[in-house]
Amino acid sequence: MGIRKKTTKNPPVLSHEFVIQNHADIVSCVAMVFLLGLMFEVTSKFAVLFITVQYNVTISTNGPDETAVNHFHHGIKDLATVFFYMLVAIIMHAIIQEYVLDKINRKKHFSKTKHSKFNESGQLSAFYLFSFGWGTSILLSENFLSNPVTLWEGYPHTLMPFQMKFYFICQLGYWLHALPELYFQKTKKEDIPRQLVYIALYLVHIAGAYILNLNRLGLVLLVLHYFIELLFHVSRLIYFSNENRQTGFTIWAVLFVLGRLLTLSLSVLTVGFGLATAENQGFDWSAGNFNVLFVRITVLAAICLTQAFMMWKFINFQLRRWREHAQAQTLKKKQVPSKSKSKKDKANGVNGVSHGADSPRARKEKSS
């Protein structure tokens, strides 16, 4: 799958500009190597590690019609699978950028600042929409929403259905792909620290839930968070098309606060109460059991600190918007009196000239 941007310049081969312009083609070739490896017996065992989900466990269900159900657990081989789907994420990023976002940018003629923010919101909106829909379908099929006790009951949840494991693999692959995209998209130096912070937060929390077998709680919190973030970026896209449409930001602000409260409540309920009162206590790496006090405190501390950090950023964002709105209103109030005063002075000036022309002195000079 080649993604080639039209350009009149021909940068030197393997130069920075060449890699940036053709990174999707290069990554497509690397991904094709793994796919071609499946065709040969010698390389198929190696290629399978990157393309298919590993650590399959077949469980037979008891009953009159005995059926085999496939479940999966995690392991070190998942790193190869995550790497392959990171390549897929880079290719999909390039497709959305070139065939959707770039075409809209050419029509709208955004400024450089809006151009960058529009691309960011466009990419994240597509990802959040896809992840939210996929995650919701898993929650409904596994009945996690109708029975919240399953979030901690039967821990450790070492075995996952295929959809859940593949979901976490794709999530890790996507957020890992965001790191090289900082280079491919020529991100400004002042924006890189902000990008690195939220990429690191996503990777730490998703990988932590995956490794510590808290995948059920992690899935619920991800779906909740992605829905709120989807609303924000869609609202920003709408704002770029028409700056008067800001209703979406108001709805997002309310849901953002409620989302933080619900995240903390679910985390404390699952980790602080559910796992703390579970029968299966103790640390066992081979069994995947991490239900000890230190791990529970660490998990809760990480979640609470992250929510506090997000609320701090949210409050600063709202204060900045209010200051900008207040400054805009002040400027409007200053401009209105000045315009009315200038019109009044102009009218007085015209009247003064007309009265001066009809004065007795003027008539005397005119008669002479």
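What share of the 368 residues of the protein counts as buried? The figure is 37%. The model is a predicted one.

## Overall make-up

The protein contains eleven helices and four strands. Its accessible surface is about 22,300 Å², and carbon and sulfur atoms contribute 66% of that area. Among contacts with a separation of 6 or more, 70% are between residues 24 or more positions apart.

## Annotated transmembrane regions

An unreviewed UniProt entry lists residues 82-101, 122-146, 196-213, 219-239, 251-273 and 293-315 under "transmembrane region".

Two of these spans can be described from the model. Residues 219-239 are 100% helix and 0% strand, with end C-alpha atoms 30 Å apart. Residues 196-213 are 89% helix and 0% strand, and their end C-alpha atoms are separated by 26 Å.

## Aromatic pairs

The count of aromatic pairs is 41. In one of them, the ring centres of Phe 132 and Phe 227 are 5.3 Å apart and the planes meet at 40°, so the pair is tilted. Phe 132 belongs to helix α5 (residues 112-142) and Phe 227 to helix α8 (residues 215-241), so the pair ties together parts 95 residues apart in sequence. Phe 132 is partly exposed, at 24% relative accessible area, and Phe 227 is partly exposed, at 37%.

Trp 175 and Tyr 202 form a stacked pair, with 3.9 Å between centres and 5° between planes. Trp 175 is in helix α6 (residues 162-184) and Tyr 202 in helix α7 (residues 192-211), so this pair ties together parts 27 residues apart in sequence. Both Trp 175 and Tyr 202 are buried.

## A charge over a ring

Arg 260 sits over the face of Phe 256, 4.7 Å from the ring centre.

How values were computed
Residues numbered from 1 in each chain as written. Predicted model: local features only at pLDDT ≥ 70, side-chain atom pairs only at ≥ 80, totals over all residues. Heavy atoms only, no water. Helix = DSSP H or I, 4+ residues; strand = E, 2+ residues; numbered from the N terminus. Buried < 20%, exposed > 50% of the residue type's maximum accessible area, 1.4 Å probe, protein only. Contact = heavy atoms within 4.5 Å. Areas by Shrake-Rupley, 256 points an atom, 1.4 Å probe, with all protein chains shown as cover. UniProt positions renumbered as here; feature names shortened; annotations may be inferred. Phe/Tyr/Trp six-rings, centres within 6.5 Å; stacked < 30°, edge-to-face > 60°. Lys NZ or Arg CZ within 6 Å of the ring centre and 35° of its normal.
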